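Here is a friendly walk through one protein model, written for someone who is new to reading structures. Keep the picture open beside the text as you go.

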Amino acid sequence: MQIKFFEFNPVFVRTYVLFDETKEAAIIDCGAYTDEEQQRLKKFIDTNELKVKYLLNTHLHFDHILGNQFIYKTYGLKPQYHEMEELMPGLRKQTVVFGLPIDYEPVGAEHYIEDGDIISFGNIRLKALLTPGHSPGSLSFYSEENDCVFTGDVLFHHDIGRTDLWGGSEETLISSIQNKLLPLPENTEIYPGHGPSTTVKEEKQHNPKIKIIQ
Ligand SMILES: [Zn+2]
Ligand SMILES: [Zn+2]
């Protein structure tokens with residue numbers, strides 16, 4: 001599996017494009033906000049002749065969905081995410097709070113992802129892990145064959161997600177990390193929604209917030 005990431009929008013969301021030799025691809029958290037960012041993503045997809053099969057969202061915070069409408073318009077793909085995410089205000093309301101007014105509501109899911117679902121494209125399989133706490137229905141996407149997991153804003157390099165936003169809960173977040181992410185093999189590479197990648201082993205040993213809770 002090949003992993004390409006971009007950092008998009010004012011809060012530097014990592015948008016991941018996953019693909020393999022079959023050219024089938026999935027996008028995780030399209031945060032492409034400006035026209036330039038959206039064209040940069042499209043150019044990468046075009047240059048590599050990728051067939052984008054899925055638009056996946058770890059969660060629906062505004063920074064992770066700013067490019068959803070662009071993907072829908074360009075590739076006809078609706079996003080897929082956990083249904084609990086719809087308990088939060090939509091993009092328009094969220095961006096008012098964060099001072100980045102958006103005057104439209106992006107297209108929603110026509111298919112929800114549940115805990116344990118397998119998403120397949122090319123020879124790649126991603127297992128959805130329900131890891132709430134940062135948001136009501138945060139998902140992490142785990143590729144066992146490729147020893148990596150995409151954690152959105154649940155777990156970062158030496159940090160964990162904030163829990164002061166809609167439906168956040170520190171207790172729930174910590175339990176998600178303890179029960180769903182830390183049991184993964186220690187060499188699993190963690191690709192978060194912001195900042196550098198890390199590993200399960202590294203976070204078990206050196207994440208200050210995880211040490212406190214063990
Ligand atoms: Zn978030
Ligand atoms: Zn985020």
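Leaving aside its neighbours within four places in sequence, which residues is N68 in contact with? They are C30, L55, N57, P79 and P106, where contact means heavy atoms within 4.5 Å.

Before going further, a word on the ground rules. This is a predicted model, in which local features need pLDDT of at least 70 and side-chain atom pairs count only at pLDDT 80 or more, while totals for chains, interfaces and linings use all residues. Residues are numbered from 1 along each chain as its sequence is written, chains are lettered from A and ligands numbered from 1 in the order in which they are written, and side-chain values use heavy atoms, with hydrogens and water left out.

## Around N68

N68 sits in helix α3. Helices (H or I, at least four residues) and strands (E, at least two) are DSSP runs, numbered from the N terminus. With a relative accessibility of 2%, N68 counts as buried; buried means under 20% relative accessible area, exposed over 50%, and partly exposed in between (1.4 Å probe, protein chains only). Helix α3 spans residues 68-75, and its buried residues are N68, Q69, F70 and I71. These buried residues pack against β3, α1, β4, α2 and β5. After α3 comes G76, which has a positive phi near 70°.

## Two sheets

Strands of a sheet pair through backbone hydrogen bonds, either parallel or antiparallel. Here, two strands pair if DSSP finds at least two bridges between them.

One open sheet has 5 strands in the order β1-β2-β3-β4-β5, and its pairing is mixed. Its edge strands, each pairing on one side only, are β1 (2-8) and β5 (79-80). Strands β3 (residues 24-28) and β4 (residues 51-56) run parallel and are joined by 5 bridges. As an example, I28 has L56 in β4 as its bridge partner. Helix α1 (residues 35-47) packs on this sheet and touches β1, β2 (13-19), β3 and β4. The direction of α1 makes about 170° with that of β1; axes are lines fitted to C-alpha atoms, for helices over the stretch in contact, and angles run from 0 to 180 degrees between N-to-C directions.

Another open sheet has 6 strands, ordered β6-β7-β8-β9-β12-β13, again with mixed pairing. At its edges are β6 (118-121) and β13 (198-199), each of which pairs on one side only. β6 pairs with β7 (residues 124-130) in the antiparallel sense over 4 bridges, and I119 has L126 in β7 as its bridge partner. Helix α5 (residues 170-181) lies across β7, β8 (139-143) and β9 (148-152), at about 140° to β7.

Which protein atoms hold the zinc ions? The table lists the donors, that is, N, O and S atoms within 2.8 Å of the metal (3.2 Å for Na, K and Ca); water is not among the atoms, so sites may look incomplete.

| Ion | Protein donors | Distance |
|---|---|---|
| zinc ion (ligand 1) | H59 (NE2), H61 (ND1), H134 (NE2), D153 (OD) | 2.1 to 2.3 Å |
| zinc ion (ligand 2) | D63 (OD), H64 (NE2), D153 (OD), H194 (NE2) | 2.1 to 2.3 Å |

The zinc ion (ligand 1) and the zinc ion (ligand 2) are 3.6 Å apart, and D153 coordinates both. Four donors count as tetrahedral if all angles lie between 85 and 135 degrees; four count as square planar and six as octahedral if opposite donors are over 155 degrees apart and all others between 65 and 115; anything else is irregular. The 4 donor atoms around the zinc ion (ligand 1) subtend angles of 88 to 169°, so the arrangement is irregular. H134 lies in the loop between β7 and β8 and D153 in the loop between β9 and β10 (155-156), so the pair ties together parts that are 19 residues apart in sequence. Both H134 and D153 are buried.

For the zinc ion (ligand 2), the 4 donor atoms subtend angles of 90 to 153°, so this arrangement is irregular too. D63 lies in helix α2 (residues 62-65) and H194 in the loop between β12 (189-192) and β13, so this pair ties together parts that are 131 residues apart in sequence. D63 is buried, at 7% relative accessible area.

## Nonpolar cores

A nonpolar core is a set of buried Ala, Val, Leu, Ile, Met, Phe, Trp, Tyr and Cys residues joined through side-chain atoms within 4.5 Å. The largest has 17 residues, and those with the most contacts inside it are V17, I27, C30, L41, L50 and I71. At least two residues come from each of β1, β2, β3, α1, β4 and α3, with the largest share, 3 residues, from α1. Leaving aside its neighbours within four places in sequence, L41 is in contact with F6, F8, V17, I27, C30 and I71. Apart from this core lies another, of 16 residues, among them I28, I124, L126 and F150.
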